[in-house]
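Please look over the sequence and the model before reading on.

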Amino acid sequence: KVKSQSHNAKVKRQRSPFLNFDLCFFLSAFYFCFSRMTQMSALEIARKLVRLPSVNPMHDAASAGEGAVVDWLEQWGQSQKLQTLREPVLPGRDNISFTIKNGDGPHLLLNGHTDTVSVAGMSIEPFSGEVRDGRLWGRGSTDMKGPLACMLAALLELRAREDWRGTVSVGCVVDEETEFQGIVKLIEDHDPWDFAVVGEPTNLRVVRGCKGCLRTIVRVRGRAAHSSDPAQGRNAIVGMAPVLEAVQKFFDDEIGKFTREGFSPCTGSVGLIEGGTAVNIVPDECVVTFEIRTLPGQDTGATFAAAEKFVRERIGEREGYELIFDPPYHDSPNFETAADHPLVQTACALRDQSEADTVAFGCDGSKIAGGGVPTIILGPGDISQAHTKDEFISLTDLEAGTAAYVELARELLK
């Protein structure tokens with residue numbers, strides 16, 4: 001009996017390496033399956049992001065900004081064991097980046113922004129993240145929490161693959177909807193990337209350039225008076241009327257003369273007007289804000305000077321009125337990546353697109369390209385849905401967006 005017990009113990013000792021191997025194999029398989037289950041899809045990530053308000057404070061002074069979204073992204077990145085880097089930009093408003101690496105090779109940046117425009121006037125619940133009729137609804141679903149979610153889901157998928165070499169980062173930046181301070185800080189804080197893809201919604205068409213934007217304020221100053229005797233004053237609102245007509249005349253007849261092959265013509269638009277302090281006071285100032293969408297190669301200073309000269313010549317001197325053109329307070333650059341650049345050619349080939357597009361809207365891409373990084377814009381969703389009262393993105397677009405980013409990264413990082 002003693003001999004039998006000794007023999008059984010010996011057998012157990014002999015089998016233990018196999019048992020350990022079986023246990024390790026089981027645990028590895030369990031971890032792989034668990035990680036796949038916890039690897040969130042683009043839809044799941046997008047719903048989380050839409051449900052967290054992140055209105056740019058310049059669109060709504062009561063907004064806390066992007067903080068809640070960045071907090072969630074930080075927790076998500078850590079739970080996914082991604083290299084996670086949070087970097088301050090403005091008080092309470094941080095960029096956050098996620099990076100994976102697979103050997104030596106180029107560095108690809110996938111860029112998206114975490115802020116949105118205002119929710120004022122929306123006809124749907126802006127932060128519900130409702131999925132209905134094959135669409136995800138809510139502010140930012142298209143511009144651009146949906147595309148950003150695709151980039152993050154693509155990052156997880158790429159990490160599980162071995163058929164690429166290099167580094168992929170997803171840079172999530174603040175303040176794209178106003179002053180672009182997030183992307184400027186991201187560029188300052190990091191070495192240049194080899195390629196950049198900006199995820200603004202393009203219906204997954206490759207875009208190789210965008211217009212810039214010049215914004216300025218025009219003032220008419222008059223003289224205040226009691227409204228019971230308006231002749232004692234000079235009404236600045238009335239005085240602004242011919243100025244507006246002259247500005248619009250410049251936009252209609254002159255500004256379109258600024259052209260660039262492959263781009264739609266330069267355009268201008270009056271967007272804001274403010275005047276008066278009370279109905280019983282003749283207003284002494286009226287203020288108008290307008291913008292000009294500029295083209296690559298266009299001298300924005302010369303364009304602004306041409307607009308001012310055109311208006312002043314038509315208005316002339318008017319007794320009791322002063323016309324003031326403030327220096328431009330915003331001059332966001334445009335960009336253009338050459339049509340034959342390998343980044344453009346590779347992306348077009350993958351998207352079965354004969355040639356790349358250009359767009360009229362501005363984005364972070366112009367700042368990245370301004371730093372010498374080859375850049376394209378490529379994102380799921382339709383720009384016509386951005387900033388709308390019932391913003392949505394289709395679920396099929398989210399799936400296609402994830403696949404497009406994975407495919408492009410694999411092709412660029414061979």
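Leaving aside its neighbours within four places in sequence, which residues is Arg159 in contact with?

## Arg159 and its surroundings

The model is a predicted one. Apart from neighbours within four places in sequence, Arg159 is in contact with Gln80, Lys81, Leu82 and Ile100. Arg159 belongs to helix 4, which covers residues 141-159.

Arg159 has a relative accessible area of 34% and is therefore partly exposed, as the value falls between 20% and 50%.

## The largest pocket

The volume of the largest pocket is about 900 Å³. Its lining is made up of 31 residues, and those closest to the centre are His59, Glu177, Arg215, Glu291 and Arg293. Strand 9 (212-221), strand 11 (267-275), strand 13 (285-294) and strand 15 (330-332) are the elements that each give two or more residues to this lining.

By residue class, the lining of the largest pocket holds 12 nonpolar, 10 polar and nine charged residues.

## Thr178

Thr178 is placed in the loop between strand 6 (166-173) and helix 5 (181-189). Its relative accessible area is 7%, under the 20% limit, so Thr178 counts as buried.

The side chains of Thr178 and Asp175 are joined by a polar contact of 2.3 Å. Beyond neighbours within four places in sequence, Thr178 is in contact with Asn56, Met58, His59, Arg215 and His330. Of these, His59 and Arg215 are also among the residues closest to the centre of the largest pocket.

Key:
Residues numbered from 1 in each chain as written. Predicted model: local features only at pLDDT ≥ 70, side-chain atom pairs only at ≥ 80, totals over all residues. Heavy atoms only, no water. 1 Å grid on protein atoms, 1.4 Å probe; cavity = no way out; pocket = protein on both sides within 12 Å on 5 of 7 lines; lining within 4 Å. Points joined across faces, edges and corners; volume = space filled by probe spheres on them. Helix = DSSP H or I, 4+ residues; strand = E, 2+ residues; numbered from the N terminus. Nonpolar A, V, L, I, M, F, W, Y, C, P; charged D, E, K, R; others polar. Buried < 20%, exposed > 50% of the residue type's maximum accessible area, 1.4 Å probe, protein only. Polar contact = N/O pair within 3.5 Å; in protein donor to acceptor, adjacent residues only side chain to side chain. Contact = heavy atoms within 4.5 Å.
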